[in-house]
Amino acid sequence: MEESQSLNEPSPKQSEEIPEVTSEPVKGSLNRAQSAQSINSTEMPAREDCLKRVSSEPVLSVQEKGVLLKRKLSLLEQDVIVNEDGRNKLKKQGETPNEVCLFSLAYGDIPEELIDVSDFECSLCMRLFFEPVTTPCGHSFCKNCLERCLDHAPYCPLCKESLKEYLADRRYCVTQLLEELIVKYLPDELSERKKIYDEETAELSHLTKNVPIFVCTMAYPTVPCPLHVFEPRYRLMIRRSIQTGTKQFGMCVSDTQNSFADYGCMLQIRNVHFLPDGRSVVDTVGGKRFRVLKRGMKDGYCTADIEYLEDVKVENEDEIKNLRELHDLVYSQACSWFQNLRDRFRSQILQHFGSMPEREENLQAAPNGPAWCWWLLAVLPVDPRYQLSVLSMKSLKERLTKIQHILTYFSRDQSK
């Protein structure tokens, strides 16, 4: 302003000389310069005052702070970035307890009359948030509810923004402040919600009633069974098996009349590798055999009430001796058949199922008998219906006899 004034205002000497050499129009220009100066001098304080009012922090009451906090809950633990098109977008961050603490301290306690249970309800299950998570687009859901939606499509259930990167990371960090507010202000509602969750988990944890059934292929005790899971219903089933802690589910072959066979084998999850698009490769191994008592359905996948099968033990010494002789004979026959296979077939079997288990001293120690029998049954190219009949047997002698007949048949083909 000093420079503009020095250019526009005449010096004292000039102001004295002007009336002598200038005419009326010059006086008019001088008046305009003086008026402009007066306008500038009056505008400046107003501008500075305006800038101060805009840049200063608004003074809010406790209630106003509480309302503002409620509106910003869905934006917790997010950063706002500006896209090329000028629109704001939320960027996900990891858990930062310091930021949450500062956010809480800045707004203080919320008056209880401002707390409404409906503000803390999941828009998917319409119940109180349980393990609330917030997506990169700023929407909050129950963790389980969001995962079920992502089983079907990698998009936000509300705004349909892509969550492919979020799904690939699988870092479902619980929104800490949202959970703390529920614990502090809605303890009774949370207690009831947790009770319902525990009841649902207990129902899913039962290993004889409503057991989840994967209808796919034959599975056998102690034999590895890798699975490629891509259907939404089985994604849900695998995830529930992990969340409940059982890490088990049943495996049965399909049946045209009853949806799935009357006999099957439990599978134990050893490891799960999740792919970026939501599919997974599940490493499982066979466990107990079972017989189906009652069939059912839950959330798209099959369930069953089952009873477990165990071999009937032989106690007579003569029967034990005969069983041992039959066992050693069939085991030698199995080793001979496997060694006579072509190198390509043998290497494929070893890569998929591993090596053949060693001969066991105590034939009746395991409830399902020697492990090598199931390994051999899994690698033999036999009709699944025949394999199913062997799986259902509770007599080791009968099982060995069946395997002996199969080996005899295939040994004839090798000799030709």
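This is a predicted model: local features need pLDDT of at least 70, side-chain atom pairs count only at pLDDT 80 or more; totals for chains, interfaces and linings use all residues.

Biologist: Okay. Let's start with strand 11. Which strand pairs with strand 11 over ten bridges?
Modeller: That's strand 10, residues 263-274, and the two run antiparallel. F274 stands opposite S280 in strand 11.

Biologist: How many residues sit between strand 10 and strand 11 in their hairpin?
Modeller: Five. In that turn, G278 has a positive phi of about 105 degrees.

Biologist: And how many bridges join strand 11 to strand 12?
Modeller: Nine, again in the antiparallel sense. Strand 12 covers residues 301-309.

Biologist: What about the turn between strand 11 and strand 12?
Modeller: This hairpin has two residues between its strands. D299 in the turn has a positive phi of about 50 degrees.

Biologist: Where does strand 6 come in?
Modeller: Strand 6 is residues 227-229, and it pairs with strand 11, residues 280-298. That pairing is antiparallel, over three bridges. L227 stands opposite V282 in strand 11.

Biologist: Switching topic. Which residues touch the most other members of the largest nonpolar core?
Modeller: W337, W372 and L376 do, in a core of 36 residues.

Biologist: Which elements give two or more residues to this core?
Modeller: Helix 11 (317-339), helix 12, helix 13, helix 14 (384-391) and helix 15 (396-415). Helix 13 gives the most, with eight residues.

Biologist: Where does this core lie relative to domain 2 and domain 3?
Modeller: Between them, because both domain 2 (207-309) and domain 3 (317-414) give residues to this core.

Biologist: What other core lies apart from it?
Modeller: One of 23 residues. Its members include I115, F129, L178 and L181.

Biologist: Last one, N368. Where is N368 found?
Modeller: In the loop between helix 12 (343-353) and helix 13 (371-379).

Biologist: Is N368 buried or exposed?
Modeller: Buried. Its relative accessible area is 10%, and the cut-off for buried is under 20%.

Biologist: What does N368 touch, not counting residues up to four places away in sequence?
Modeller: P221, G287, K288, R289, L309, D311, W374 and R399.

Conventions
Residues are numbered from 1 along each chain as its sequence is written. Side-chain values use heavy atoms; hydrogens and water are left out. Helices (H or I, at least four residues) and strands (E, at least two) are DSSP runs, numbered from the N terminus. Buried means under 20% relative accessible area, exposed over 50%, partly exposed in between (1.4 Å probe, protein chains only). Contact means heavy atoms within 4.5 Å. Two strands pair if DSSP finds at least two bridges between them. A nonpolar core is a set of buried Ala, Val, Leu, Ile, Met, Phe, Trp, Tyr and Cys residues joined through side-chain atoms within 4.5 Å. Domain bounds come from an automatic or database domain assignment.
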